[in-house]
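Hi,

Here is the structure I promised to pass on to you.

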Amino acid sequence: MLHISAAAVDDLMTWPELVDALDSAFRNGMIQPVRHHHPVERPEGSPSMLLLMPAWSDFHKLEHQSQGYMGVKIVTVSPDNGLIDKPAVMGVYLLLDGITGEPKALIDGQSLTRWRTAAASALAARYLAREDASRLVIMGAGAVSSNLVRAHSSVRPITDIALCVRNPKRAEATLKELRDEGYNAYIAEDHIAAIQQADIVAAGTLATEPLIHGKHLRPGTHVDLVGAFTPDMRESDDEAVLRSRVFVDTKDGALKEGGDITQPLRDGIIKPDHILGDLFDLARGTVKGRVSDQDITLFKSVGAAMEDLAAGIMVYEKSLKQQG
């Protein structure tokens, strides 16, 4: 069994390859039960969340069964980790042979998650963002933020990147990292003005109150919501959802888990048919994403186990080739 570290994941991945791999996975299909959520309560501090995310190849669609895999990601989300300078999200991915169940690889889950999460957003933007989108706003400066910049820049001609953060000092490392890579990134002094001028607004936070308000979105904006992965969390307000052509990563997940969708559904602000489709629909062309340059589009992602499986397969097979 291979042990693939975070550094190895970073070395093996490229954004164009991964976005294409996810596109192929959603177009061709994989099997994924809705993930398991287990709150972990403690006497002190915020509760953690233990998530189990299994998926496997759809063997009926494979030309050769030997190409198939199974896999499961084990993830913990501990909001208080920021107080001790540790990432909120921890995890590991176990990749298995699809026929025998033999363990094939143990892959760093944090790095894999950062890559596949941002790549799913880029895949959605490929269908939903204007082709000339150049101004990107990132809400938050957590672990996924810099990858959202790289991923969106791989599918759209991004030239201007504004980071909207509560604590600019905590964003300094992310800002330096992006600038060292040649990105025109800066800390936005006025968050509302940045959003009003954005072509793409991406949020990857643990917010429980809206950060993105519909009244600030100009026609043609694409909104990418990556955080707020439970019903009690939220990054956008009702008006943002109402004004947008809304898509999700998977309907089974987002319509049960993401507060940006579940809350307006619960309150009767929108009906289920306001969600026009998911990444399956977009990749297969069964639903039109962006209809005009004036559309406001919104993509809500809560994470899908098949994204991890597709990314894990890619990393594993590239690692085998690298070893000769």
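This is a predicted model: local features need pLDDT of at least 70, side-chain atom pairs count only at pLDDT 80 or more; totals for chains, interfaces and linings use all residues.

An open sheet of eight strands is the place to begin, with the order β10-β9-β8-β11-β12-β15-β13-β14 and parallel pairing. Its edges are β10 (185–187) and β14, each of which pairs on one side only. From one strand to the next, the twist averages 20 degrees.

At the β10 end, strand β9 (residues 160–164) runs parallel to β10, and three bridges join the two. Leu163 has Ile187 of β10 as its bridge partner.

Further in, β12 has a partner on each side in the strand order. Strand β11 (residues 200–203) pairs with β12 in the parallel sense over four bridges, and Ala203 has Leu225 of β12 as its bridge partner. The pairing of β12 with β15 is also parallel and also runs over four bridges; here His222 stands opposite Thr297 in β15.

Are the two faces of β12 covered or open? Both are covered: His222 and Asp224 are buried on one side, and Val223 and Leu225 are buried on the other.

**Helices lying on the strands**

Helix α4 (residues 145–155) lies across β8 (135–139), β9, β11 and β12, and runs at about 160 degrees to β8. Helix α5 (residues 172–180) lies across β9 and β10, with an angle of about 160 degrees to β10.

**An enclosed helix**

Helix α9 (residues 259–266) is largely enclosed by the rest of the structure, because six of its eight residues are buried. Those buried residues are Gly259, Asp260, Ile261, Thr262, Gln263 and Pro264. What covers them includes the strands β12, β13 (245–248), β14 (275–278) and β15 (297–300), along with the helices α7 and α8 (251–257). Just after α9 comes Gly268, with a positive phi of about 75 degrees.

**A pair of packed helices**

Two packed helices are described by the angle between their axes and the distance between the axes. For helix α2 (residues 15–28) and helix α11 (residues 305–322), the axes come within 9 Å and cross at roughly 130 degrees. The two helices are therefore oblique to each other, and α2 passes α11 in a right-handed crossing.

On the α2 side, the contact is made by Glu17, Leu18, Ala21, Leu22, Ala25 and Phe26. The α11 side contributes Met306, Glu307, Ala310, Ala311, Met314 and Lys318. By class, this contact of α2 with α11 has nine nonpolar and three charged residues, and no polar ones.

Which residues other than glycine have a positive phi? Asp85 is one of them, at about 60 degrees, and Ala228 is another, with phi near 45 degrees.

Asp85 lies in the loop between β5 (69–77) and β6 (89–97), while Ala228 lies in the loop between β12 (222–225) and α7 (238–243). Asp85 counts as exposed because its relative accessibility is 74%. Ala228, in contrast, is buried, with a relative accessible area of 0%.

Happy browsing, and do write back with any questions.

Best wishes

Definitions and conventions:
Residues are numbered from 1 along each chain as its sequence is written. Side-chain values use heavy atoms; hydrogens and water are left out. Axes are lines fitted to C-alpha atoms, for helices over the stretch in contact, and angles run from 0 to 180 degrees between N-to-C directions. Angles under 35 degrees count as roughly parallel, over 145 as roughly antiparallel, 65 to 115 as roughly perpendicular and the rest as oblique. A crossing is left-handed if the near helix is turned anticlockwise from the far one by less than a right angle, and right-handed if clockwise. Contact means heavy atoms within 4.5 Å. Ala, Val, Leu, Ile, Met, Phe, Trp, Tyr, Cys and Pro count as nonpolar, Asp, Glu, Lys and Arg as charged, and the others, Gly among them, as polar. Buried means under 20% relative accessible area, exposed over 50%, partly exposed in between (1.4 Å probe, protein chains only). Two strands pair if DSSP finds at least two bridges between them.
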